[in-house]
Amino acid sequence: MRVIALSTLRDFWEQPQYRDAQEPLVAWLQEVQACVWRAPADVKAQFGNASILKGRRVVFNIKGNDYRLVVAVAYRFAAVYVKFVGTHAQYDAIDADTVEVQS
């Protein structure tokens, strides 16, 4: 899969308070880039704890659920678009079905 908006992940882990997210996010990134998902079932087969939402959105638990990552998957184009990365509290304050990366 091709991951779009890598800078969003990098910008997050480069913040001093979130440096502990770098290793697990890089591991997630490498794993996702090495696969091809054709349907939500493929995501669940690889990441059993992922939550499949409407609108091709998927929520991943990162670093033992310390962080949440929301992506939109374009299965037809083998692309994953990063929409949000943050703490559990930050995640609770957004709508995962509609959140977009802040520029």
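Modeller: Contact here means heavy atoms within 4.5 Å. The model is predicted: local features need pLDDT of at least 70, side-chain atom pairs count only at pLDDT 80 or more, and totals for chains, interfaces and linings use all residues. Residues are numbered from 1 along each chain as its sequence is written, and side-chain values use heavy atoms, with hydrogens and water left out.

Colleague: In what order do the elements of the protein chain run from the N terminus on?

Modeller: Helices (H or I, at least four residues) and strands (E, at least two) are DSSP runs, numbered from the N terminus. The protein chain has four helices and five strands. Their order is β-α-α-α-β-β-β-β-α.

Colleague: What radius of gyration does the protein chain have?

Modeller: The radius is taken over C-alpha atoms, and the globule rule is 2.2 Å times the number of residues to the power 0.38. The C-alpha trace spans about 35 × 25 × 25 Å along its principal axes. For 103 residues, a compact globule would have a radius near 13 Å, and the protein chain agrees, at 13 Å.

Colleague: What percentage of the residues of the protein chain count as buried?

Modeller: Buried means under 20% relative accessible area, exposed over 50%, and partly exposed in between (1.4 Å probe, protein chains only). Of the 103 residues, the buried share is 41%.

Colleague: Which residues touch the most other members of the largest nonpolar core?

Modeller: A nonpolar core is a set of buried Ala, Val, Leu, Ile, Met, Phe, Trp, Tyr and Cys residues joined through side-chain atoms within 4.5 Å. In soluble globular proteins, nonpolar side chains tend to be buried together. The largest core here has 27 residues. Those touching the most other members are Leu25, Trp28, Trp37, Phe60, Leu69, Val71 and Val80.

Colleague: Which residues does Trp37 touch, not counting residues up to four places away in sequence?

Modeller: Trp37 is one of the residues that touch the most other members of the largest core. Its partners are Met1, Val32, Asp42, Val43, Gln46, Phe47, Phe60, Val73, Tyr75 and Val80.

Colleague: Is Val32 buried or exposed?

Modeller: Val32 sits in helix α2. Leaving aside neighbours within four places in sequence, Val32 is in contact with Met1, Val3, Trp37, Phe47 and Val80. Its relative accessibility is 0%, so Val32 counts as buried.

Colleague: How far apart in space are Ala78 and His88?

Modeller: Ala78 is in the loop between β4 (67–74) and β5. Its phi is positive, about 55 degrees, although it is not a glycine. Ala78 touches Met1 and Arg2, not counting residues up to four places away in sequence. Ala78 and His88 are ten residues apart in sequence, and C-alpha to C-alpha their separation is 27 Å.

Colleague: What is the phi of Arg56 near?

Modeller: Arg56 is in the loop between β2 (51–52) and β3 (57–62). Its phi is positive, in a residue other than glycine, and near 65 degrees.

Colleague: What distance separates the C-alpha atoms of Asp66 and Ala89?

Modeller: Asp66 lies in the loop between β3 and β4. At 36% relative accessibility, Asp66 counts as partly exposed. Asp66 touches Thr87 and His88, not counting residues up to four places away in sequence. Asp66 and Ala89 are 23 residues apart along the chain, with C-alpha atoms separated by 9.5 Å.

Colleague: With which residues is Thr87 in contact, leaving aside its neighbours within four places in sequence?

Modeller: Thr87 belongs to strand β5 (residues 79–87). At 18% relative accessibility, Thr87 counts as buried. Its contacts are Phe12, Tyr18, Asp66 and Tyr67.
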